[in-house]
Amino acid sequence: MPWVADSHEIDVVVPAPGREPVRVPIWVVAVGDDLYVRSWKGEAGVWYRRAQRYGTGSVVVDGDEHAVRFTPVADPALEEAVDRAFTAKYGSSEYASAMINPPASGTTMRLDRM
């Protein structure tokens, strides 16, 4: 999904059994050939908790919805690379520093197309 990496903002849609799906705009970055997202609200983000619990959902880019799998990241070197990617892509935004510091920095997930 390299075309997703070029998007400034995407929507993440995460369902839960017996509940309406949560749809939230988020930022996405690429490190190598992989895409990564974080929860701006940290573990308080409903989409993040659902993605962590159920592992699947979708992303909406330019009106098209694509099924994805969410894989939590626990590699410190990769986390640092994701920090650099967020800074490079969104550094001009006043919200960029929030994405590379707690609580967001501990919520990195890789997006894999299903």
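1. Start with glutamate 79, which lies in helix H3. Helices here are DSSP runs of H or I with at least four residues, strands are E runs of at least two, and both are numbered from the N terminus. Glutamate 79 is buried, with a relative accessible area of 15%; buried means under 20% relative accessible area, exposed over 50%, and partly exposed in between, with a 1.4 Å probe and protein chains only. Leaving out residues up to four places away in sequence, glutamate 79 touches Arg38, Val73, Ser105 and Thr108, where contact means heavy atoms within 4.5 Å.

2. Some ground rules before going on. This is a predicted model, in which local features need pLDDT of at least 70 and side-chain atom pairs count only at pLDDT 80 or more, while totals for chains, interfaces and linings use all residues. Residues are numbered from 1 along each chain as its sequence is written, and side-chain values use heavy atoms, with hydrogens and water left out.

3. Neighbours within four places in sequence aside, serine 105 is in contact with Arg38, Glu79, Met99 and Ile100. Check the distance to valine 37 as well: serine 105 and valine 37 are 68 residues apart in sequence, and their C-alpha atoms are 10.0 Å apart in space.

4. Back to H3 as a whole. The helix has 15 residues (76–90) and at 1.5 Å a residue should span 21 Å, which agrees with the 21 Å between its end C-alpha atoms; the expected span is 1.5 Å times one less than the number of residues. Its buried residues are Leu78, Glu79, Ala81, Val82, Ala85, Phe86 and Tyr90. They cover an arc of only 160° around the axis, so they sit on the same side of H3; the arc is that of the directions from the helix axis to the C-beta atoms.

5. What do the buried residues of H3 pack against? The list is strand E3 (29–31), strand E4 (34–37) and helix H4 (96–99). On the face turned away from the buried side, H3 carries the exposed residues Pro76, Ala77, Arg84 and Ala88. At the N-terminal end, aspartate 75 caps H3, with a side-chain oxygen 3.0 Å from the backbone nitrogen of alanine 77. For reference, a polar contact is a pair of N or O atoms within 3.5 Å; within protein, one must be able to donate a hydrogen and the other to accept it, and residues adjacent in sequence count only if both atoms are side-chain atoms.

6. Glycine 55 follows H2, with a positive phi near 80°.

7. Finally, the overall picture. The chain has four helices and seven strands, running α-β-β-β-β-α-β-β-α-α-β from the N terminus on. Of its 114 residues, 45% count as buried. Among contacts between residues at least 6 apart in sequence, 68% join residues at least 24 apart. The C-alpha trace spans about 35 × 25 × 25 Å along its principal axes.
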